[in-house]
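This report goes through a single protein chain, from its overall make-up to a few local features. Please keep the sequence and the model at hand while reading.

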Amino acid sequence: MSWNLHFRSWFKIFDGDLTNGSDQMKRILFVLLLALFFHESVGQSVDLSGTANAFLNLLSADVKSQIQFKLDDEERFNWHYVPRFRNGVSLHDLTQPQLDAALNLLKASLSVQGYKKATDVMTLENVLREVESRSADDTYRDPKKYFFSIFGTPANDQPWGWRLEAHHISLNFAAVDNKMESSTPSFFGSNPATVPSGKRKGEQVLKDESAAGFALVNSFSSAQLQTAVIAETAYSEILSENKRKASTLTPKGILYPDMNDHQKKLFMTLLDVYVKNYELGFSTTLMNKIKAAGIENLSFAWAGSLRPGKGHYYRIQGPMLLIEFDNTQNNANHIHSVVRDLTNDFAEDILREHYLKEHAKN
């Protein structure tokens, strides 16, 4: 039973059957309810290596040879978000039980909202088939043309990583001691940004990223906009592209301390949209890292139109963080968004520390 069904069942008991019960008993049940919620929502993400091995154990030796790479293989850094050839194993290559196990690994690595975005982006390939008048058996736009790769050997006592990637998705994960230590670079794109017709007309897979960005930029005064808006015309693409190592960009826009209290709340709401795509444990770790580097050191920059319908771009950046959002292609109906940890993409910083510790033991 999923946690939301548990929640409804327990809430009915808590709110109805115990109306006349003691306040102490209600408090106890409420605590149990919260504990159940957290167990269900994060418990599956704890045993990352076990989830990965459950998937690998279903694969033949031939398929394993295609999906597994050494942890230090250059393939781990060979990431992109456009339609192109990819190494690894595609969803087409998997039986239903294997596919279910693969998606369990994705669920364990993302939050509920992150998992929904990833799977919704995949299904947009079907929409593009219709928009571009392609045949039903077209393989250029294909929701099963997404590739899994695993780097290293999933284990509780050593580092390893994995990736899901194809058109408009690049999700790169690394774990050390069975704990998620990196989930960047992570890319989500949406084409179309707003589905123009058909059964899904009006759907926006990355609606929150867009709406929260517009809410923030349109809260600024004329004086603030002079600093926040860094270009009248939006950039045609995210500036960090698919570089192995991203860096801060200039100009930086408006700093967090130069926003009023309402704007700061809007800024944090926008930041949460991105950080909360990851499983709860890593989302918390990443936010703590951002705060340790100083929320006051974060900035927000905008380029292009202040209204939907025309090209627009924004970014959040700080000492260790870069988030970019761009919607310019296809008459501003085609989104690219990315999160980069400037200090630990691909877990390079964490893995360096791990190897130093291991060498010191020896």
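## Overall make-up

Helices here are DSSP runs of H or I with at least four residues, and strands are runs of E with at least two, numbered from the N terminus. The model is a predicted one, and by these terms its protein chain has twelve helices and 13 strands. Buried residues account for 51% of the 362 residues in the chain, while the chain exposes about 17400 Å², of which carbon and sulfur atoms supply 54%. Where contacts join residues at least 6 apart in sequence, 65% of them link residues at least 24 apart.

## One face of helix 3

In helix 3, residues 48–56, the buried residues are Leu 48, Ser 49, Thr 51, Ala 52, Phe 55 and Leu 56. Viewed down the helix axis, these buried residues fall within an arc of 160°, so they line one face of the helix.

## A buried glutamate

Glu 279 lies in the loop between helix 9 (261–275) and helix 10 (280–293). Glu 279 is buried yet has no salt bridge, the nearest side chain of opposite charge being that of Lys 179, 8.4 Å away. The side chain of Glu 279 does, however, reach the backbone nitrogen of Gly 281 at 2.9 Å.

## Backbone features

A cis peptide bond, with omega about 0°, joins Thr 184 and Pro 185, and Pro 185 is in the loop between strand 6 (179–182) and strand 7 (186–190). The peptide bond from Asn 191 to Pro 192 is cis as well, with omega near 0°.

Asn 330, which belongs to helix 11 (residues 329–332), has a positive phi near 50° although it is not a glycine, and it is partly exposed, with a relative accessible area of 47%.

Technical notes. Residues are numbered from 1 along each chain as its sequence is written. This is a predicted model: local features need pLDDT of at least 70, side-chain atom pairs count only at pLDDT 80 or more; totals for chains, interfaces and linings use all residues. Side-chain values use heavy atoms; hydrogens and water are left out. Buried means under 20% relative accessible area, exposed over 50%, partly exposed in between (1.4 Å probe, protein chains only). Lys and Arg count as positive and Asp and Glu as negative; His and the chain ends are not counted. A salt bridge is a side-chain nitrogen of Lys or Arg within 4 Å of a carboxyl oxygen of Asp or Glu. A polar contact is a pair of N or O atoms within 3.5 Å; within protein, one must be able to donate a hydrogen and the other to accept it, and residues adjacent in sequence count only if both atoms are side-chain atoms. Contact means heavy atoms within 4.5 Å. Accessible areas come from the Shrake-Rupley method with a 1.4 Å probe; for residues, only the protein chains shown count as cover. The arc is that of the directions from the helix axis to the C-beta atoms.
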